[in-house]
Amino acid sequence: MAREYLSTSEEDRSEDFKEENLSNCDVLLAICKILRDGVEISPAITVTEASSLYRWAANPLSAVGVFDEREYVLGEAALIAAKGSRVLGKLSDAEHWLDRSDAAFRHTVNPAPSLAGVAFERLALRYAAGRYEETLELLPSLKSSFKRLGMDIENAKTQFLEAMALRFVGREEEHFSLLRDLERAPEVRACPSLHGQVLVHIGVHETAVGEFETAARTYEQALPIVMKGNRPVALCELKWAIGDAYRAQGSLRRAIESYRGAKNDYQQLGFRAFVTQISLTIAETLLALGRDREAEWEILSALPVIEEEKMVPEGFAAVALLRESVRCRKTDPNALRELREHLQAKS
Amino acid sequence: METGDPVVRVDEDPYEKEVRAIFHDTLGLIHIALVTHYELEEGEAMELEKDLSFWFLRFCMRPGNSSPRQSRPFLLVACCQFAREYQKYVIGAGVRGSDDRLKKLLDREPADVARDFSRSLDLLDFRNHDA
């Protein structure tokens, strides 16, 4: 029933159809689960559906389960909307949704696990905003909560977030050591989506330190696990990482092939920011191959999105320089690199 | 009338089975709380127990909730919370009167009342291990 509800378009959902489905708490919770599982596959749709669910549950005339189940559904719907907003890059919206989730979960029986889930999402938001030191400062308390509550996989995800934040503050050895420990953890190996991500980033580190053969083996190991994890974003990350590895070894044509695979996948998922970033990476690689015209096309496809989505501060010099250089049919590789690095540092 | 078709029995999920078993073990205590302490009528208590059983099954499925056995105290909290809200509503609507004992109970936080009942749960567990 939950899948049938979600596959029916909003316009085709009559009031009776909504009432029949949403007043059944089992169906309602099943809808929440499907939305939660699909947040990275179709974040925009997830946010829309979760918002709609929240509004419905917030209406005092709606019948929502028994006891604390109205508050639980409100908390869940808001948390799902927050995750989706974060994935879409709408960080301010995500924060508002987390406040709503917090306010609702506080009134449920045994709120600790749900509130810990909200706390994790707040940290993920800080990480997404580039506030890495803050993220690292607040992580130990959350890990301790998850440990106490017996939430092993959530604890592992928190440690993965920690590993990524360590990389961005330049603590590479700790970053790699933590990834290695995570890769061996039984709870991580039992979760292909997380296991795959951990392996991809181990491979990224191995590439960065010049261990190309080891990285290639790691990526080979990662591929079937990432496919099993059913997280399309992880597959995009893997293809991108493989592209970087080829590029670092000087196999530029293979790198472009891999980058284009990732770009295609990101396009299908609607992740415009990543499509833009990877377009610039492809452009740099094409320039290195002397394929200047193709590089220009990639840049020309990226620049409008950068402006529309306000991906750089207004008046960012590299954008203007790049646009001008492309116009003159003599792409400025320094401006291109500067822009690409700026966007990657933000992501 | 026999149709010749075998009846297909769907085995209950083992986790759901465990949840229902825990609920059933706790039902006696729940009933005492509702009828003897919160002074609900038998019919009202039975309706509430049905709701509680559905709620408890869904509660145990929430992420982060530990084993059904360890979730029993929360079952009692929910039981006391609902009983309190229900009685306050009924008394407030003038359908039923209340005595001093019930008033004092309704003034107490459901979590505190449930904690007292949990001590009886520990005794139940102890007796079950002993048997």
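A nonpolar core is a set of buried Ala, Val, Leu, Ile, Met, Phe, Trp, Tyr and Cys residues joined through C-beta atoms within 7 Å. Keep that in mind for the first stop. The model on screen is predicted.

**Stop 1: the largest core.** Select A:Ala77, A:Ala78, A:Ala81 and A:Leu238. The largest nonpolar core has 94 residues, and these four touch the most other members.

Stop 2: Select B:Leu52, B:Ala78, B:Val113 and B:Ala114. They are among the 28 residues of a second, separate core.

**Stop 3: chain B as a whole.** Hide the side chains and color chain B by secondary structure. Follow the sequence and the pattern reads α-α-α-α-α. Chain B has 131 residues, of which 25% count as buried. Turn next to its contacts between residues at least 6 apart in sequence: 65% of them join residues at least 24 apart.

**Stop 4: where the chains meet.** Bring both chains back. The contact draws 14 residues from chain A and 15 residues from chain B. On the chain A side, select helix H3 (25-37) and helix H7 (112-128); each supplies at least two of the residues that touch chain B. Which element gives the largest share of this side? That is H7(A), with four residues. Finally, color the chain A side by residue class: nine residues are nonpolar, four are polar and one is charged.

How values were computed. Residues numbered from 1 in each chain as written. Chains lettered and ligands numbered in written order. Predicted model: local features only at pLDDT ≥ 70, side-chain atom pairs only at ≥ 80, totals over all residues. Contact = placed C-beta atoms within 7 Å. Nonpolar A, V, L, I, M, F, W, Y, C, P; charged D, E, K, R; others polar. Buried ≥ 20, exposed ≤ 12 C-beta atoms within 10 Å, placed from the backbone.
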